[in-house]
Structures are given as structure tokens and as C-alpha cells.
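Hello,

Here is the structure you will be taking over. My notes follow below it.

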Amino acid sequence: MNSMPFVQITIAEGREPEKKEQLISEVTATVSDVLGAPKKNIRILLTEVPTTHWGIAGQSISKRKEESK
């Protein structure tokens, strides 16, 4: 079977580019191992959301960070 897995990951913005590259690499390797799909066929979409647009327990991440200082 020649599958083309597509993985979508949503994270809050602010991580280092190296960490995002590592995430893409390791998710690709895991999908390849689990599904037996060739790495060249695996697509990863990493979406970063501004912390002002991500809410947890009724507050944005930005607001929560401000209050925890």
C-alpha cells in the first residue's frame, strides 16, 4: 500500500525554529514506523496560533502568562 499520511499539529506560537524542525522530524519518523509509510510520502502541517487567540479556562495564554509573573 502506498499511503500519503497528512498530519496536522496546532501549537501556540513562540517556540524556537529548531524545536519545530525536531517536532516535524520526529513525528515523520513515528508515522513512518507505525504506518509503514515512506518518509518521503508523509506531510506535516504545523500551525502556530498567537497566544492571544488561544484560550484556556476562560483566558488567553497571553493573559495567563501576564498574571503568573
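What radius of gyration does the chain have, and what would a compact globule of 69 residues have? The chain has 16 Å, whereas a compact globule of 69 residues would have a value near 11 Å. The radius is taken over C-alpha atoms, and the globule rule is 2.2 Å times the number of residues to the power 0.38. The C-alpha trace spans about 50 × 25 × 15 Å along its principal axes.

This is a predicted model: local features need pLDDT of at least 70, side-chain atom pairs count only at pLDDT 80 or more, and totals for chains, interfaces and linings use all residues. Residues are numbered from 1 along each chain as its sequence is written, and side-chain values use heavy atoms, with hydrogens and water left out.

There are 2 helices and 4 strands in the chain, in the order β-α-β-β-β-α from the N terminus. Helices (H or I, at least four residues) and strands (E, at least two) are DSSP runs, numbered from the N terminus.

Of the 69 residues, 23% count as buried; buried means under 20% relative accessible area, exposed over 50%, and partly exposed in between (1.4 Å probe, protein chains only). Among contacts (heavy atoms within 4.5 Å) between residues at least 6 apart in sequence, 62% join residues at least 24 apart.

G58 has a relative accessible area of 80%, so the residue counts as exposed.

Regards
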